[in-house]
Amino acid sequence: MKKIFVLTLWLSMHMPIQACDVCGCGIRDASFNMGFAQSIQSHIILSGFQQYRYITEAQQNGAHYVTTDKITRIPLQYVHQVNPKWQVQLNTDMHILQRNNAFNEAQKEHLVNPSDIQIAANYRLIDNRKNIFTPHHMLLFIGANGKLPTGDYQSRDSEKRLLPMQLQAGNGSYAIGFQTVFSYRYRTWGFNTMTQAMYNTTNELSYQQGA
């Protein structure tokens, strides 16, 4: 943690940092490669912290059930700059699940699992950030990516019930797709956006994400 803080502090003294440069947007199946990683000119390992919560309410046989699920993700990303145009990225994360009071039961579930691994190859199509003759600066990456089903997708609670798919560390399927990352900046204002499309195969539980 100390080394990551020192790196962030050093970068903030030498170049402007925008909010999207350090966010690492997305939930479990989104890519952790917005903004910040695209500005690196060499090889680097990045980490982060994301947390989100599900609250589920249901009625069954006259009983009211409330289940609270908190998911913590610790993303890890390795960026390998092959040359000024091409970079390869390796993404994964640690998935930590806390489930409270499922079916009004006085118990808690706590699961820690590694997630699926994503591999991407990005090509720098447009980059005029070093052009001092214009206040309009743009950066555009296009790339292809794939996913390996390395994450646990059959986690169960203490009663051996299969947890819902959105609480699993992976989805149990291979996937291929493409992605684009576009950044635009005008003087001190700018925005960053990422588009990712993935096709997932069907896993052995006959589940296909996105289908």
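This is a predicted model: local features need pLDDT of at least 70, side-chain atom pairs count only at pLDDT 80 or more; totals for chains, interfaces and linings use all residues.

Trainee: Okay. How many salt bridges does the structure hold?

Mentor: Seven. Take Asp-93 and Arg-73: their closest N and O atoms are 2.7 Å apart, and the two form a salt bridge. Asp-93 sits in strand E4 (residues 86–100) while Arg-73 sits in strand E3 (residues 63–81), so this pair ties together parts that are 20 residues apart in sequence.

Trainee: Is Asp-93 buried or exposed?

Mentor: For that you look at relative accessible area, where buried means under 20%. Asp-93 has 5%, so it is buried. Arg-73 counts as buried too, at 3%.

Trainee: And how do I read a salt bridge where the partners aren't both buried?

Mentor: Go through the partners one at a time. Arg-124 and Asp-127 meet in a salt bridge, 3.0 Å from N to O. Arg-124 is buried, with a relative accessible area of 4%, whereas Asp-127 counts as partly exposed at 35%. Now try Asp-157 and Arg-161, whose side chains meet in a salt bridge at 2.8 Å, N to O. Here Asp-157 is buried at 6%, and Arg-161 is partly exposed at 27%.

Trainee: Which residues are linked in a network of salt bridges?

Mentor: Glu-105, Asp-157 and Arg-161.

Trainee: You brought up strands E3 and E4. How do I read strand pairing?

Mentor: The general idea is that two strands pair if there are at least two bridges between them. E3 and E4 pair in the antiparallel sense, over 14 bridges. They form a hairpin, with four residues between them.

Trainee: Got it. What other strands is E4 joined to?

Mentor: One of them is strand E6 (residues 117–127), which runs antiparallel to E4 and is joined to it by six bridges. In that pairing, Gln-87 stands opposite Asn-122. Strand E5 (residues 108–114) also runs antiparallel to E4, with seven bridges joining the two. There, Asn-100 stands opposite Lys-108.

Trainee: Now the rings. How do I read an aromatic pair?

Mentor: Look at the distance between ring centres, which must lie within 6.5 Å, and then at the angle between the planes. This structure holds four aromatic pairs. One of them is Trp-86 with Tyr-123, a tilted pair at 5.0 Å centre to centre and 55° between the planes.

Trainee: Where do Trp-86 and Tyr-123 lie?

Mentor: Trp-86 is in strand E4 and Tyr-123 in strand E6, so the pair ties together parts that are 37 residues apart in sequence. Another pair is Tyr-184 with Phe-191: their ring centres are 6.0 Å apart and their planes are at 40°, so this pair is tilted.

Definitions and conventions
Residues are numbered from 1 along each chain as its sequence is written. Side-chain values use heavy atoms; hydrogens and water are left out. A salt bridge is a side-chain nitrogen of Lys or Arg within 4 Å of a carboxyl oxygen of Asp or Glu. Buried means under 20% relative accessible area, exposed over 50%, partly exposed in between (1.4 Å probe, protein chains only). Rings of Phe, Tyr and Trp (its six-membered ring) pair if their centres lie within 6.5 Å; planes under 30 degrees apart count as stacked, over 60 as edge-to-face and the rest as tilted.
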